[in-house]
Amino acid sequence: MLSYSDYVRYVEPCFKGTLVQADLDNREHFKLLVEGLHVKGEGKVKKAMKESFRVLNQAATLGVGSLCNQAIMLITDGAMEDFQQVFADFNWPDRRVRVFTYLIGRELTFAENVKWIACNNKGYYTHISTLADVQENVMEYLHVLSRPMVINHDHDIIWTEAYMDTVLFSSQAQSLLLMTSVAMPVFSKKEETLSHGILLGVVGTDVPLRELMRLAPRYKLGVHGYAFLNTNNGYIMSHPDLRPLYKEGKKLKPKPNYNSVDLSEVEWEDTEQILRTSMVKGETGTLSLDVRATVEKGRRVIFLKNDYFYTAIKETPFSLGMVLTRGHGEFIFLGNVSVEEGLHDLATYGVSIANEWTYCETDIDPHHRKYTQLQAVIRYLMGKEPELECDEDLLRQTLFDAVVTAPMEAYWTAIMLNVSGIDEGVETAFLGTRSGLMRLIRFVGPEKRVGKKFLSAADKENIFTLDHFPLWYRRAAEYPAGKFLYYLPKEDTRGEMIVIATSAVTVTVDKKVAIAGAIGVQMTLEMLENRVWSIATQPNDTDCSGVEGLCPLSCSMNEINCYVTDSNGFVIVSKDRSDVGRFFGEVDGSVMAQLLRMGMFKRVSLYDYQAMCKVGTHSASSARPLLSPFYGILGVLKWFLSNFMLFLLDFNFCGLWHSDQFVDAGTFHATNKKKSGDILQPCDTEYPSFVYEPSIKETNSVIKCGRCQKVFVIQQIPDSNLLMVVVQADCDCSRQYGPITMNPKEVKYILHTPASASHSL
């Protein structure tokens, strides 16, 4: 967009000499800039036209843009000087660039000149004298541009970018929220009007993007794999990291730029934009990237090696991308079990399959829409609905998983019936497999259960969905098999809290290792706390000879603070319940700062290009002799959680996959609450995540804080992702060390202020 008077200036200097996408963000940006323009001087059409032709010619030479139509739109209140020569030099005789002119105002003195420009350059002249003329006449150029298509019978099929259906949004049909439309023009075929190229209208239909993504079966992509769609403009159509909504108070609202999120904003590790460039060009290829992925709504980082496979979708402006993570998704299991045996174990209590996955297609026949996926699978296998279209590979894998995991039901039942077999506070045991099959047993009734929401239909984060595997499955996959990983769900921030312990189950065949599933338990936080505090106490008959300071030592003493954190630094157990769930750096910034300096934790920078922001704006030394009382209490914890889950580890769950029914491993290549008065707007943010360095099993230090010294020790709890931290409580370091938070910081960009001018082009 150019403004011109005696000279020509770009309304947005950042876009000088280039064509930009007419997306929502750019259109809104230009609207604001145009409102700031001021009438000044006399408009020189010749200079503006020369610059416009220069930009278009350069774009044509470089192959930039759609290369379908090139047009200039002149908005003016008159044209006085001699401007014919510029068209002769740049556009005649081919008239490759159409020129559409809009004469603004009631004055008709220069109407003939403005009309001449349009008519001699294959354009269209429009006179706009009132506001009513705008809506009626401004779109006339469409009929001119479509006329060659009518005459040549080019019925081009058009796919729109993603948009949000307001009717579905208001009806809370979130699963069908994002849509695309496919449309094509309808022309008059009457012989007498064929040469006129009359456009009658457009016919089209709406397609939920969620339905398109069902074409990439999740079970084939593996635990971290996913598929995504983007347009030839680089905008995301569908991606598991696309977040089109934000929360304003208690209401969900669409973000202003929800349908113009660029691929580079979700796949931001592609710093050289190799993936984006290739997909925009519609190429087919592969790419490998080391990525920092996040789970649990960005709180935790995991490091993955991803293989990207991409190709263009014929007769659409879209490209499809599929991602497989190294170590996940490469191998699938093939097993042989009878349908009768599989049905018997699939139809038992406590067994479910992923209802958002497509085991059987239930949307084609209206009669089948009443069935859940599990009901459809059972009826199909029993021969009651033979006309159902089902994924035979997925069904075979599901039946196989149902059979090999069936002994868990008897094992869990035996534990529940044995009075001494289960610790009080363990509420749920569960397992999941790659086929989307889940087994669970509730050891506590719903009236007494603390984790009422966990693994319910509303608990989308912890069940198999179209977008992702359960959180506990994804986290277990990145932790050594056979060792339990503990975490506190983010949602549990009020009232009674729960803790999840999960472990991956792997199968190895001919040195090929694959994850068969994950197993875990859900327990109350109170149970874990009681176990920690009972163990973290030295007995009264402890030998305290040669020990300086307090002895025997207990976490119940006021002189020390004891914490159990996970490998991302989140507090799981603390004497102060208000600390639970918080990042340890917020609780004690001095100790966390020292751990970062010592390398026991490291800071990882992450970026969010879909954020919403408010408008506005030591020295330490090793002191092991002083720490002996702390090590005394840590010593008794070394066996703690390694023995804690024996009721699960005693059962040889992994052995189930090594039965005679196992065939072989086939290789599959998928060639912040808003306060009243706050205004939120889209922004980019940077925020940290923290990870524990597992090579450092324990460390200690003394932090000098003015007149006192703070002593602390930290030690990894064996066979877990947990750390025990014991800190001297009577030395306040808050003046010298502020809290270390995970709060995001807005990334600021430099914007240029446009100059004023009188006319726009």
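**Burial and disulfides**

Guide: Of the protein's 761 residues, 49% count as buried (under 20% relative accessible area, with exposed over 50% and partly exposed in between; 1.4 Å probe, protein chains only). This is a predicted model, in which local features need pLDDT of at least 70, side-chain atom pairs count only at pLDDT 80 or more, and totals for chains, interfaces and linings use all residues. Residues are numbered from 1 along each chain as its sequence is written, and side-chain values use heavy atoms, without hydrogens and water.

Visitor: How many disulfides are in the whole structure?
Guide: The search finds 5 disulfides, each being a pair of cysteine sulfur atoms within 2.5 Å. One of them links cysteine 360 with cysteine 390, S to S 2.0 Å. Cysteine 360 sits in strand β19 (residues 360–361) and cysteine 390 in strand β20 (residues 389–390), so the bond ties together parts 30 residues apart in sequence. Strands here are DSSP runs (E, at least two residues), numbered from the N terminus.

Visitor: And cysteine 360 and cysteine 390, buried or exposed?
Guide: Both cysteine 360 and cysteine 390 are buried.

Visitor: What is the S to S distance for cysteine 705 and cysteine 733?
Guide: It is 1.7 Å for that disulfide. The torsion about the S-S bond of cysteine 705 and cysteine 733 is about 95 degrees, so this disulfide is right-handed.

Visitor: Changing topic, where does cysteine 119 stand in accessibility?
Guide: Cysteine 119 counts as exposed because its relative accessibility is 52%. Cysteine 14, at 43%, counts as partly exposed.

Key
Helices (H or I, at least four residues) and strands (E, at least two) are DSSP runs, numbered from the N terminus.
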